[in-house]
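This report describes how the chains of one structure meet, and then turns to selected parts of a single chain. The sequence and structure come first.

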Amino acid sequence: MAVDGLVLSTGYGLWSPLAWIVTFVIALIACYLLWRLGVSSYKPGTEQSAPYLSGNKADDPTALHVPGGNLYWGFIEGLKWYYDRIIPLHTGIVTDYLIWMFGVAAILLVLVMVVI
Amino acid sequence: MFLNLPYVTVVLLTCLGIAAILFKRNLLKILLGINILESAVNLLIIAIGYREGGVAPIYTLAPSTNMVLPTPQALVLTSIVIGVATSALLLSFSIIIYRKYGTVNVNLIRELRE
Amino acid sequence: MISDFIWANSPILLVAIPLIGAFICPLIGKVSTDVRRAWVMGIVTLTTAIAAIVVYRVYTEGIVTYVFGAAASGMTVPMDSGGIPIRIIFTIDPMGALMEIITAVVGFSVIFYSLSADARRSGLEQYYTLFLLLIASVMGMVSTGDLFNFFVFIEISSMACAGLIAYRIERGRAVEAAIKYFIISTVAAIFLLFAIAILYGEYNALNIAMIASRMQFTPLDKVALVLIVVALLAKCGAVPMHFWTPDSYGLAPSAVTAMLVVASQASLYGLFRFVFTMYNLTFTAGMMGWTLIIIGVLSMVIGVTMAIPQKDVKRLMAFHAVSQTGYMLLGVGVGLAVLGNASLMDQFGRMAMEGGIFHIINHAMYKGLLFLTAGAIIYRVGTRDLNKLGGLGHQMKWTMVFFIIGALAIAGVPPLNGFASKLMIYESVYLFNPLLSIIAMVVSILTLASFVKVFHSIFMGPQRPEFSEVKEAPRPMLIAMGILAFVVILFGLIPVQVVSTLISPAAHALIDRAGYIAAVLGGV
C-alpha cells in the first residue's frame with residue numbers, strides 16, 4: 001500500500017482527511033458569510049420566536065415530541081414480511097440459542113468434511 | 001477393543017450431554033448436561049495421554065524410564081478446576097433466577113427477547 | 001536494575017499486575033473507599049504503562065516471546081526436550097500488540113468512568129475484582145502463544161464477564177442475561193477444549209507455533225477447525241449465535257459493556273490467530289473465507305435491521321455491535337478467501353484485511369464511547385426507554401457532543417475513524433465482489449438512520465418537565481468519554497500513520513505464518 005503523507009491510498013481510491021477538513025472549513029466560512037447577510041432584527045422572546053401555524057394556536061411543544069418508538073414506523077411496516085420472520089427468532093429461550101450454535105457447527109462440519 | 005473403551009465412553013457421554021442441553025427444559029438439567037459434556041472432554045484428554053506400560057514421570061526410584069508426559073493430566077486438573085468454578089457460578093445464577101422468577105423452566109425464563 | 005527487570009518481564013507483568021491487583025482489591029477495600037479507588041486506578045494505570053512497554057518492544061524488536069520458568073525469556077525450546085517447546089510461552093506479535101493497545105486504552109478510560117458512575121453502588125470490592133480480572137484475562141488471551149492457556153483465559157474472561165453482567169440484578173433480568181451468556185460461553189469453551197484435545201492428541205503439542213509447523217490437515221484437524229471457529233464466532237457474537245449480545249450488553253452496567261466489547265474482540269482475535277497462524281494454507285482457504293464472509297454479511301444485515309425497531313437504547317447499540325462485527329469478519333474473510341493467490345492478495349486481499357483489523361480498533365473506541373454516553377444518560381435520567389427520553393440536549397451538552405462523535409464514527413461519516421476503515425473495506429471488497437461492498441454500504445446507511453433515531457429521541461425536542469432537574473454528567477465520566485472521543489477523532493484525522501504503524505504490521509503478522517513459527521521455534 002502506498003503511504004505518502006496524509007493521503008490514504010486504498011488501491012482503488014484515495015482518502016485525504018486534510019482535504020476534507022479544508023473543504024469543511026471553507027463551507028463553514030461560507031455558511032457564516034451567508035448568515036451575516038441575514039437581517040438582524042430578530043428578537044428572541046417576542047412573537048417572532050413563537051411557532052406559527054397558519055394563524056391557529058399552536059400546541060404545547062412538549063406534546064409534539066415524537067418518541068423514539070414511533071420513528072421509522074413506515075420502514076418497519078414496509079419490511080413487515082422480513083421483521084415478522086426475524087424478530088420471533090429471538091425467542092429468549094437459551095435452548096434455542098444452543099440449538100443454533102450446534103446447528104451452525106453441524107452445517108460447517110458437513111461443509112468442511114465434504115467440500116474440502 | 002478394550003483400549004478403545006474410553007473413546008466409546010467419550011462419544012456416549014458427549015451424546016448424552018448434547019441431548020441434555022438441547023432437549024431438556026429444566027435449567028438444572030441443562031447445567032448437568034454441560035457438566036457431562038465437560039467430563040467427556042476431560043476423559044478424552046486423559047485417554048489421549050494414556051500410554052500402555054508408562055509410569056508416572058517421577059525419577060526417584062522409577063521402575064522404568066518408560067514415562068508418560070504429564071501434560072494431559074495437568075490439563076485435566078486445570079479443566080476440572082475451571083469446571084467447578086463454572087458450575088458454581090451457573091448454579092448461583094439459577095438460584096437467583098429461581099428466587100426472582102419462581103421457575104427453572106427455560107421456556108419461561110424469557111424476559112429478554114426480540 | 002528494576003527497569004531492566006520490568007523490561008525483560010513485561011509480557012507476564014501485563015497479566016500479573018491486574019491479576020494481583022484484582023485479588024488484593026477486596027482487602028484494600030476494607031481500609032476505605034478512597035484507598036480502594038486509588039488502588040484500582042493505580043493498578044489500571046500501571047497495566048496501561050506495562051502495555052505501552054510491551055507494545056514498544058513488539059514494534060522495535062519484532063515478535064516478543066516470553067517463556068515461563070526458563071533461564072532466559074528467549075529460550076523457547078529447552079535443550080533436552082527434543083525440539084518441542086514444552087514450557088508455557090507468551091508470544092506477542094503486532095496483531096497481539098494492537099489488541100493490547102485496545103484493551104489498555106479502553107480499560108483505562110472505562111475504569112476511570114466507572115469510579116465515578118458506579119460510586120453509589122454496593123459490593124464494589126467484588127465489582128472491581130472482577131473488572132481487573134477481566135482486563136487481566138483479555139490481556140492474557142491476546143498475549144498467549146499456547147492453546148490451553150487461551151482456553152484458560154477465555155474461561156476467566158467468561159466468568160468475569162458473567163459476574164459483571166449480573167452485577168445489578170435488575171429484578172432478575174440481568175441474571176437472566178448473565179446465565180444465557182455464560183451457558184453459551186461455557187459450551188463454546190467446551191468446544192474449544194475438545195478441539196485442543198484433538199490437536200494435542202495428534203501433534204503432542206499445545207504451542208500454537210509448534211502445531212502450525214506440524215499441521216497436516218487430516219480429517220481430525222478439520223473437526224478441530226470447525227469446533228474452534230464455531231466456538232469463537234459464538235463468543236464474538238456473530239449471527240446466528242448473536243442472541244446473547246443484546247441481552248448482556250443491554251443489561252450490564254455501561255462501563256462493563258464497553259469492556260465486554262473488547263472481550264468479544266479478543267475472541268475475534270483468537271479466531272483470526274487460529275485460522276491464519278495455525279491452519280493458514282494447509283486447507284482450502286477459500287471455503288473458510290467464504291464462511292466468514294457469509295456470516296459477516298448476515299451479522300451486518302441482521303444486526304442493523306434488528307437494531308432499528310429497538311426501544312431500549314443499550315439494546316439498540318448492542319445490535320449495532322453485532323452489525324459492526326460483521327464488517328471485521330467481512331474484511332478479514334475476504335483476505336482469507338484470496339490468501340493463496342499472491343496477485344489477488346496484493347491487489348485487494350491485504351487491504352481488506354487491513355480494513356477489517358483497523359475496524360476492530362475503531363469499533364472498540366467508538367462503541368465504547370457510545371456505551372459510555374448511554375451510561376451517562378441512564379446515570380442522570382434513570383431510564384433507558386427511548387419512548388420516555390427526550391430533550392436532554394438542553395442540559396447534557398457535552399454528552400451530546402460525545403454521542404454525536406460516536407454516532408457519526410459508527411455510521412462511517414468522514415473525517416472520523418469509522419470512515420477510514422469502512423472505506424478500506426468497501427473499496428477492497430468491491431474488487432472482490434461488488435455485491436458484498438454494496439451490502440456493506442447499505443448497512444452503513446441504515447446504521448446512520450438508526451443513530452439519527454437515537455439522537456432525535458434522546459437529545460432533540462423541547463425540554464421535558466420531568467427532566468428539568470437533570471444535570472450534566474459528572475466530570476470524570478466526561479473525561480473518560482473525552483479520551484475515547486479523542487482517539488476516535490485522532491484516528492480519523494491521521495489514518496495513514498495509524499495504518500502504516502499499527503495496522504499493516506498486524507495484518508502482515510497474521511499472514512506471515514513462517515515468521516510466527518520461526519520466532520518461537522527458532523529459524524526453520
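## Chain A against chain C

Between chain A and chain C there are five residue pairs in polar contact, both residues at pLDDT 80 or more; a polar contact is a pair of N or O atoms within 3.5 Å, where within protein one must be able to donate a hydrogen and the other to accept it, and residues adjacent in sequence count only if both atoms are side-chain atoms. The side of chain A that touches chain C draws at least two residues from each of strand 2 (7-9), strand 3 (14-15), helix 1 (17-36), helix 2 (73-78), helix 3 (80-86) and helix 4 (94-115) of chain A. Helices (H or I, at least four residues) and strands (E, at least two) are DSSP runs numbered from the N terminus. Helix 4 of chain A gives the largest share, 14 residues. By class, this side of chain A holds 38 nonpolar, 11 polar and no charged residues; Ala, Val, Leu, Ile, Met, Phe, Trp, Tyr, Cys and Pro count as nonpolar, Asp, Glu, Lys and Arg as charged, and the others, Gly among them, as polar.

The model is predicted: local features need pLDDT of at least 70, side-chain atom pairs count only at pLDDT 80 or more, and totals for chains, interfaces and linings use all residues. Residues are numbered from 1 along each chain as its sequence is written, chains are lettered from A and ligands numbered from 1 in the order in which they are written, and side-chain values use heavy atoms, with hydrogens and water left out.

In terms of contact (heavy atoms within 4.5 Å), 49 residues of chain A and 70 residues of chain C take part. The buried area, which is the accessible area (1.4 Å probe) that two parts lose on being put together, summed over both, is about 5100 Å² between chain A and chain C, with 81% from carbon and sulfur atoms. Zero salt bridges are found across this interface, a salt bridge being a side-chain nitrogen of Lys or Arg within 4 Å of a carboxyl oxygen of Asp or Glu.

## Chain B against chain C

Here 38 residues of chain B are in contact with 35 residues of chain C. About 3000 Å² is buried between the two chains, 82% of it from carbon and sulfur atoms. On the chain B side, B:Ile82, B:Phe93 and B:Leu112 lose the most area to chain C, together 22% of what that side buries.

Zero salt bridges are found between chain B and chain C, and six residue pairs are in polar contact, both at pLDDT 80 or more. Helix 1 (5-23), helix 2 (27-49) and helix 3 (71-101) of chain B are the elements that give two or more residues to the side touching chain C. Helix 3 of chain B gives the most, 16 residues. The residues on this side of chain B divide into 24 nonpolar, seven polar and seven charged.

## Strands of chain C

Strand 1 (residues 64-67) of chain C is covered on both faces: C:Val64 and C:Tyr66 on one side, and C:Thr65 and C:Val67 on the other, are all buried. Buried means under 20% relative accessible area, exposed over 50%, and partly exposed in between (1.4 Å probe, protein chains only). Strand 1 pairs with strand 2 (residues 89-92) of chain C in the antiparallel sense over four bridges, where pairing requires at least two bridges found by DSSP. C:Thr65 has C:Thr91 of strand 2 as its bridge partner.

C:Val77 lies in the loop between strand 1 and strand 2 of chain C. C:Val77 counts as partly exposed because its relative accessibility is 23%.

## C:Arg315

C:Arg315 is in helix 12 (residues 313-337) of chain C, and its relative accessibility of 9% makes it count as buried. The side chains of C:Arg315 and C:Gln310 are joined by a polar contact of 3.5 Å. Leaving aside residues up to four places away in sequence, C:Arg315 touches B:Leu112, B:Arg113, B:Glu114, C:Pro246, C:Asp247, C:Gly250 and C:Gln310.
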